[in-house]
Amino acid sequence: MPAFTYHRQPGKPPPSALGWFEGAAGNALLDSEVAAVGRALAMCPALPWLWIGPDAALAPDAARGVRLHRTPSGFAGDLQCDLPLPLASECFGAIFLQHALDDGHQVQDILEECARLLAPGGRLWLATLNPWSPYRLRWTGAGLRSKGTGAWQAALRRAGFASAATRVQWLGPRWQPRVEDSGIGFADRFRSVLALSAGKQVQAMIPPTTLRQLRWQVARWPLPPADRRVDPRVRTRPDARGRG
């Protein structure tokens, strides 16, 4: 019986599925998203922001940001940690998940953590693989997971994001591994990247006032002048004056 061969070194974590982005096909996707990330970052409020992505992705080079990379054992970068993230609740005005959920691990937990960390009125920007793109043949067998728009919107609603505040955009190449622009047309639905933007709903501080209900009221005739003496035994209508 042949001896069993163990290729991986003891104590070394298994390779992550997100390592696919280190190749030429994955780099084409990441390079196509640089402009979209810059536009989303420009619309951020004055609060700090959080970015989470694979090792091959280039984190935004801007101030007031926390940058984390997904690893098989948790997160690395500005912090070495795991879930839950050691950060205060509602401390970020924007969170960027750039293919941080494409390995299919802890998807709902990370989305719920983002809902906790986002301040009211903040936005979550999520970039993920598009399952309807022909480009999917290039990541087949790499261990990556892709879901459609409806599945992601349902996951965002479960995490606490308002479904009415979700925006959808398509990025990246359709087949050739090259940098391509974004779009929202029908042909753009076959691009390799699906980008969603969801906002955290603001809780109203003052409850809305109750609407006043209008009711029918019986009309009242005007009273006669005080200087005129009217016999209370005689009842006359105002329009019957002067009639004999």
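User: Which residue of β3 is the bridge partner of leucine 68?
Analyst: In this predicted model, strand β2 covers residues 65-71 and β3 covers 74-77. These two strands pair in the antiparallel sense over four bridges. Within that pairing, the β3 partner of leucine 68 is glycine 77.

User: Which strands stand at the edges of the sheet, each with a single partner strand?
Analyst: The open sheet has seven strands with mixed pairing, in the order β3-β2-β1-β4-β5-β7-β6. Two of these strands have one partner each, so one side of each is left without a neighbour in the sheet. Direction ignored, neighbouring strands are turned by 20° against each other on average. The edge strands are β3 (74-77) and β6 (167-171).

User: What angle does the direction of helix α3 make with that of β5?
Analyst: Helix α3, residues 107-117, packs on the sheet and touches β1, β2, β3, β4 and β5. Its direction relative to that of β5 makes an angle of about 150°.

User: At what angle to β7 does helix α4 run?
Analyst: Helix α4 comprises residues 149-159 and lies across β5, β6 and β7. Strand β7 spans 193-199, and the helix runs relative to this strand at about 30°.

User: Is proline 120 buried, partly exposed or exposed?
Analyst: Proline 120 lies in strand β5, residues 118-129. Its relative accessibility is 43%. Buried requires under 20% and exposed over 50%, so proline 120 counts as partly exposed.

User: How far apart in space are proline 120 and glutamate 90, C-alpha to C-alpha?
Analyst: In sequence, proline 120 and glutamate 90 are 30 residues apart. In space, their C-alpha to C-alpha separation is 7.1 Å.

Methods
Residues numbered from 1 in each chain as written. Predicted model: local features only at pLDDT ≥ 70, side-chain atom pairs only at ≥ 80, totals over all residues. Heavy atoms only, no water. Buried < 20%, exposed > 50% of the residue type's maximum accessible area, 1.4 Å probe, protein only. Pairing = 2+ DSSP bridges. Axes fitted to C-alpha atoms, helices over the stretch in contact; angles between N-to-C directions. Contact = heavy atoms within 4.5 Å.
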